[in-house]
Amino acid sequence: MKVGIQGIGLLAAGLEGWRAGRAVLAGTGPFAPVAVPDPEAALLPPNERRRSSDCVRWALHVAREAIAQSGLDPREVPTVFASSGGEMGVIDAVCRTLAMPERVISPTLFHQSVHNTASGYWGIATSCQQSSTALSCYDDSFAAGLLEAITFVCVEQRPVLLVAYDLAVAAPLNEARPITIGFAVALVLAPPSGASFVSMHLRLEEAHQDEASRLQDPALEQVRQDNPAARSLPLLRAIATGGSQRIILSLLDSQQLVLDLDPCRN
Amino acid sequence: MLPNARPMTPLTLTAYTLVTANGRGVGPVLQALRERRSGLKPCDFEDVPLKTYIGRVEGLEDFSLGIELERFDCRNNRLAWLGLQQDGFMVAVAEAKQRYGAHRVAVVMGTSTSGILETEHAYQARDLAGSLPAWYTSRYRYTHNMFSLGHFVRACLGLRGPAMVVSTACSSSAKVFATADRLLRAGLCDAAIVGGVDSLCLTTLYGFSALQLLSSSPCRPCDEDRDGLSLGEAAGFALLESSTSVSRRGAVALLGYGESTDGYHMSHPHPEGAGAIRAIQDALGRAGLQPRDIDYVNLHGTATRVNDAVEDKAVSGIFGRMTPCSSTKGWTGHTLGAAGITEALISVLCLKHGFLPGTLNCKRIDPTLHSRILRDNDVRPVQRILSNIFGFGGNNCSLILGTLR
C-alpha cells in the first residue's frame, strides 16, 4: 500500500511546528525543549474555545498546521484521531467529582470525557461532516492510527487527516500512566500524486522480536519512549532528513509496520 | 463514499454472540424480543440513588476471570468474557484461527467508557496524600485504558493479528465494521473479530443525569410523551469473513456501512439530521442499494425528545412513510459504545427468524414523526435491514445487514 504525505503538523517541547521540528530532527538545529505555550485553538468559536480541553487545543493545533500545508479543504477530508488515553485531564476531573458525596458533574465536562472529543471539536471548528474515527492501541496508538489512515486512503482513494496526541498526565493518574511530556502530530495522507512531498509504502508483517526504529539522540529517544504519540518520531526524522529510508513501528507484540519512504521530486 | 463506486463485497457474519440485560446469548435475547419482555429495571447499580431504569446484566458483581486473566479484571472485561462464552463463539474463532493463522485474524473492538468504573473506585479509595491505590495503578493498562478491551479479547482468543479499539462514543461498535472492512479489503487480515462492550459506571449514569437525558421510567422511544433514555450494558461479538472466501447461501452479511459526522455540536444532533442523512446515504451507496430495497430500519431511537425527532427527519426524508422502523432500546436500554453491535446483532436475529420487533414501551406514537414507526411486533420475511447509531461528538454510523442469496 502506497500513500503520499501532503502536510505535517507537530507540537511538543522543543518541536514547535513542523518547520522548527524538521530542523531539529534533521540535526541542523539544537533540541532545546522549553515549555510549550498553550495552543490558541483560534479555529474554535470563542465559547467553545473557552471550554475546550488541553487535548482538544493540542490536537486542533497540529491538525490545522497539517491541513494548511496540504492546501486541502478540511470539509472534504475524513479524519482519524489516535490517542492512548484520550481526555485524561477531563477523566481526572470527572472521577474527583464522582468521589465526592454529591456527585454533581457538569454536562460540559461529561460530554468532553469521550475519546472522540478532539474529533468532535475538529468537526465543529471546520464544519467537516466526513467520517471521523477515534481509536486507541495503548503505546502503539500512533501505529494503529497510521494503519487505519493508510488503509482508508488506499481503499477509498481519498486523502485522510491523521492526528495523534497524548498529553502529560497529572497526579494522581500519572501513577497509573506516567506520561511526562505532551506530544501531538498530524499527517495529511493521500493517494500518491504530485502534491506529495514524500511517498510511503506500508507493509504489515509479523514481528518476531522488537525491531522498532529508535532515535540516536538520547533526549529525543527519551521523548519517543515517554509518549505514545511520540512513537511517530522515527518517521518524522526520516522525512526531515530526506532520502530513501525504512522505518519500523511496532504494533502490539506480534506485528510491525514496515514503512519505506521515498522523497517525491516535483 | 465517492459516487459511481462499485458496491462493496459483502462480509459474512460467520459467528456471533450477544449478552444484554435480556439474557446471555442470542437465544434468550431473541425470546425476550418475541415475548416483548424488557430488561429494564429500577436502578440498583451500586449505591446510585438516581430515579431511573437500567438494563443491568445480572451476575457481573460476583464473577472471577481466573488467575490467568486476573490483571484484566473489571466490570467491562467480565462482561466481555461472558459474551465470548456464549453461542459457540470461541469454537468458531478457533476454527478461523486454524484456517487462516492467528496473525491473520484482526480484533477491532468498540467501547465508550472501557473500564472507567475501576478508576472511579480508585479515586474513592485515594489515601490522605491523594495517591491512588496500588491495586489500581498496576492494572490501569489492563482495565481502564481505552485499549484494554482489545487487549483482553485478543488475549482470550489467542489472536496475533492487528488490533485496535474504536472509541467514538455511542457509534463505537458500529464503526468497527467499517474499520474491519478496510483491513480485510487492504489484505491485512483474512478474518476479523468485531464487537463492543460497554458496562454501567458512575460517569455515564451521573453524566446523562446532568444532561437531563435520563427518563424516570423505562425509556419510551418514539412515544409522544417520551422523556429520555435508559442506560444499559451489553457485550456483542461477530466473526467477519469475506463472502468470497466463505460463500454460504442464506448466510447473514454486512452489505454496507456509512460513516459521517455532524460538525455541529458535541452533544446535540444537527437540527436537520445532516450527518445522519450522510451516513445512511453512504451506507446505501456502498451496498449498491436504493431506499426501497430496505425492508426495515432499526432506529438509534434513544427516546430523548431531540434524538427521535431529528432521526425521524433524516429517516423519513430518505425512506418516506413506507419502510417499517422501530427502536429496540426499550428492551436493552441504551448500551452506548455497545449499541452498534447490539443492534446489528438484533438485526441479524430479525433476518434469520423473519420478524420485526415493534417499539417496546411506545404507547402512542408521536404524531409529529413522519416515519412508519412499528409499535407491535410483526412476523414476515426480511431481506435487508439498515441500523442507525449516532453518538456524542456528532459521530454517526449506519450499517446495512442482509441475507446472501
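This is a predicted model: local features need pLDDT of at least 70, side-chain atom pairs count only at pLDDT 80 or more; totals for chains, interfaces and linings use all residues.
Colleague: Why does the radius of gyration of chain B agree with that of a compact globule?
Modeller: The radius is taken over C-alpha atoms, and the globule rule is 2.2 Å times the number of residues to the power 0.38. For 405 residues a compact globule would have a radius near 22 Å, and chain B has 20 Å, which agrees. Along the principal axes, the C-alpha atoms of chain B fill a box of roughly 60 × 50 × 40 Å.

Colleague: How many helices and strands are there in chain B?
Modeller: Chain B has 13 helices and 17 strands, taken as DSSP runs (H or I over at least four residues for helices, E over at least two for strands) and numbered from the N terminus.

Colleague: Why is α4(B) called largely enclosed by the rest of the structure?
Modeller: A residue is buried if 20 or more other C-beta atoms lie within 10 Å of its own, exposed if 12 or fewer, and partly exposed in between, with C-beta atoms placed from the backbone. Eight of the nine residues of α4(B) are buried, and therefore this helix is largely enclosed; among the buried ones are B:Glu118, B:His121 and B:Tyr123. The cover over them includes α4 (88-98) of chain A, together with α2 (75-84), α5, α6 and α9 of chain B. In chain B as a whole, 65% of the 405 residues are buried.

Colleague: Why does B:Gly101 count as partly exposed?
Modeller: B:Gly101 has 16 C-beta neighbours inside 10 Å, which places this residue in the partly exposed class. B:Gly101 lies in the loop between α3 (89-100) and β5 (105-110) of chain B.

Colleague: What makes β3 (41-42) and β8 (231-232) of chain B edge strands?
Modeller: Strands pair if DSSP finds at least two bridges between them, and three strands of chain B form an open sheet with mixed pairing in the order β3-β4-β8. β3 and β8 of chain B each pair on one side only, and they are the edge strands. Two bridges join β3(B) to β4 (residues 53-55) of chain B, and these strands run antiparallel; B:Lys41 stands opposite B:Ile54 in β4(B).

Colleague: Which strand of chain A pairs with β6(B), and over how many bridges?
Modeller: Strand β4 (residues 132-136) of chain A pairs with β6(B) in the antiparallel sense over two bridges, and A:Ser136 stands opposite B:Val165.

Colleague: How many residues of chain B are in contact with chain A?
Modeller: In chain B 55 residues are in contact with 55 residues of chain A. By class, the side of chain B that touches chain A has 23 nonpolar, 22 polar and ten charged residues, where Ala, Val, Leu, Ile, Met, Phe, Trp, Tyr, Cys and Pro count as nonpolar, Asp, Glu, Lys and Arg as charged, and the others, Gly among them, as polar.

Definitions and conventions
Residues are numbered from 1 along each chain as its sequence is written. Chains are lettered from A and ligands numbered from 1 in the order in which they are written. Two residues are in contact if their C-beta atoms, placed from the backbone, lie within 7 Å.
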